[in-house]
Structure formats: C-alpha cells, structure tokens
Amino acid sequence: MTDTAKDAVKGAVKDTGAPAAGPAEPLGVAVVGAGYWGPNLVRNFQSSPKFRLRHLCDLDVERAERVLGAYSTVNATADYAAVLADPAVDAVAVATPAGTHLDVALAALRAGKHVLVEKPLAATYADGLRLVTEAEERGLTLMCDHTYCYTPAVSHIRDQVRSGELGEIHYVDSVRINLGLVQKDIDVMWDLAPHDLSILDFILPDHVEPVAVAAHGADPIGAGQACVAYLTLQLNTGAIAHVHVNWLSPTKVRTTMVGGSKRTLIWDDLNPAQRVAVFDRGVELSTPQEIGVDQRRDMQISYRTGAMVAPAIGEKEALRSMVDEFAAAIRERRAPLTDGRAGLRVLDILEAASRSLEFRGAVVGLRSGR
C-alpha cells in the first residue's frame, strides 16, 4: 500500500478540513487493507448504524471484492487517491502493514479525514509522532485500534484500578504465550507485547506511568529474532510491571494479574466462565506507630485472607465497542480512549525494549509524560 499512499500524497488531494457529517447521518468510512485485520473492520463498520462503509481499498482488488461479497454495494478499489478525494468519506481505517502506516495515515489526515490505525500506530516512535502532530494541528481524530482495551473485562479492570478498589498498585504481571506464528520481519516483542503494553497504559491511573524498561530475549530456534522475551517496567511510584511473551509455548496462556494494596485482580482471557477474579488476600506490614516500643525493631508482617469475588462481566465484541468509541470521539470532538498519544507511549516502550535487548537487558529510560 506504500506506493498507493505516496501517489495519493502527490495526487493533488487538497486539505478539506475536518469532515462535517450531519449529526443524524452515519459517518462515511473507508477501510484500507483487506488482509488479516481489514475484514474484521469491514464487518464491524457495516454492522454499525454510526458508520456507512463507502470503500474497501487494497492493491489486490479481487481480494477486496471477496471480502465484501458478491452482492455488496461497497466500492472495492486500488485507487487510494480517489478514496481520499471522495467527499462522502469522513474517516479512514488503516489495516495495512506497520511499515506503511505513516504514508497511508498521513495522506488521509492531509485530506482532512479522521483516522483509525491498527496497532502499532507506526513502525517507529518518530513516525508515530508525525501522525499525532499532524492530527492535532488539523483538529482531526487519530485513534489507535488497541482492541483489547475495549473488551468488557479490561474495561472492568480499568474501573477497578482507577476507582481505588484495588488500592495502590504494587505490581502488574502479564503472560501472553502460545505456539504462535514466527514472524520474519519483527520479533516476539513487537508482535505480541503491544497488546499487554496497551492494556497497561489503558488501566493505569493518570498519575502512574512507566519510566524505564529492561528486556531479555532468546532465539533458541535460530529464527533470527527473539522468540521468547521478558519485559520489566519500572513505574514512577516504585511499582513494577512484567510482560512475558513467547512464540514457542506448547500451551496458550493469556493472563494478567494486578496486585494492589487492598485487593488483587486476576484476568484469565481464556476462561469464559470466570474471566475476572478479585481476591481480598494479601500481605500487610504494620508501621512502627502501630506496634509497641519493644517490637519496633521487627516490622510486623500479617497475612490477610479474605473472600474471592468473580464479578459478572457481559460479553460484547471488542471491535464493536472500539468502532462506537471512534464515532463518539469524532462526533464529540474529543480524544478517544486510545488516542494517538496512547499509541506513542506503546511505541516508546517497544523501542526502549529493543535497545535494552541490544545491550543484554540494560535498563533504558522512557520519555516522560502520559
């Protein structure tokens, strides 16, 4: 899609400003990319009353036509410049390889379109910053499709963390392992960790942020890049977050544990009967003021053993919730929950983790500010 995007940039597509669809009219949207993720976006945009799918753009027009089906009235095309020139298109959803995100998304923003980009936001932090800056200068919505953030389970975790129900966050531990497809162009961190890093960014309170990362990885099968990796993030509060990603595990595990001073929450994405469990169990340390003079030399540790609660969490397709949030952000002229800057923060961690891998696990500082 890179060549098509560059043609669009050069093709006299003028800046028309932010599209102004009427408040009751569906927003016109075009999906760019009919490969792995594009069909999922097509399905959800078509089922949403808030959008009207106008175009599916792909260099392979026949593939786009197969995705749409024989009786679809949606236009299948390889002409990206024509898509951007269509005044009925208010927004563009980008589902192309990460290396093309800059060209494709930048062309859409310069054509005055709101933009949704699948993860990662761009191939590099510098490219992502260009997109964020362009969108902010033009007053357009730039949203990153961090799909897991829109699952009912993660929304519940965010509410629990930010409401203080878990107390002060002490640690976060995520495991995402499977006998997965070994990628040729990226390592396991860039393939799998964006999911966990975007979730971490989404659930943490605004005053809590990662400040440094150390990464360790291994390539035991000689694939040319890390197939197993461990990321350890230092938070500005002194807490720690850990991410384990692995292409080589014979079993599939998708769990996240959030340990707080009051309660600990465990999310098991592969357990539909009990996705989330909250434990009122933990370790408490008495302060010197709470114990006698003769005991102050030894800090008193006590163990709290309380109930476990498994809250009822409804099922809703995350992509549908994401599409609804995209529409709401455009209509309300506000930043979406996973805006471009959220995508930038994930890219910052990934680039720092890659540098840490090069230096055998050295701690690498992150850019500050959420």
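Student: Which side chain makes a polar contact with the side chain of Tyr 148?

Tutor: The side chain of Arg 176 does, at 3.3 Å, where a polar contact is a pair of N or O atoms within 3.5 Å, within protein one able to donate a hydrogen and the other to accept it, with residues adjacent in sequence counting only if both atoms are side-chain atoms. The side chain of Arg 176 also has a polar contact of 2.9 Å with the side chain of Asp 196. Before going on, note that this is a predicted model, in which local features need pLDDT of at least 70 and side-chain atom pairs count only at pLDDT 80 or more, while totals for chains, interfaces and linings use all residues. Residues are numbered from 1 along each chain as its sequence is written, and side-chain values use heavy atoms, with hydrogens and water left out.

Student: Is Arg 176 buried or exposed?

Tutor: Buried means under 20% relative accessible area, exposed means over 50%, and partly exposed lies in between, using a 1.4 Å probe and protein chains only. Arg 176, which lies in strand 7 (residues 169-179), has a relative accessible area of 4% and is therefore buried. Helices (H or I, at least four residues) and strands (E, at least two) are DSSP runs, numbered from the N terminus. Arg 254, found in strand 11 (residues 248-260), is buried as well, with a relative accessible area of 13%, and Cys 57 in strand 2 (residues 51-57) counts as buried at 0% relative accessibility.

Student: How should I read the length and course of helix 8?

Tutor: One compares the span with an expected value, which is 1.5 Å times one less than the number of residues. Helix 8 (residues 188-203) has 16 residues and reaches 23 Å from its first C-alpha to its last, close to the expected 22 Å. A bend at a residue is the angle between axes fitted to the seven residues ending there and the seven starting there, and helix 8 has a kink of about 40° centred on Pro 194.

Student: Why is helix 8 described as largely enclosed by the rest of the structure?

Tutor: Because 15 of its 16 residues are buried. Helix 10 is likewise largely enclosed, since 15 of its 19 residues are buried.

Student: How are helix 6 and helix 10 arranged?

Tutor: Axes are lines fitted to C-alpha atoms, for helices over the stretch in contact, and angles run from 0 to 180 degrees between N-to-C directions. Angles under 35 degrees count as roughly parallel, over 145 as roughly antiparallel, 65 to 115 as roughly perpendicular and the rest as oblique. The axes of helix 6 (residues 125-138) and helix 10 (residues 340-358) come within 9 Å and cross at roughly 165°, which means that helix 6 is roughly antiparallel to helix 10.

Student: At what angle do helix 2 and helix 9 pack?

Tutor: Helix 2 (residues 38-47) and helix 9 (residues 318-332) pack at an angle of about 60°, their axes being 10 Å apart, and they are therefore oblique to each other.
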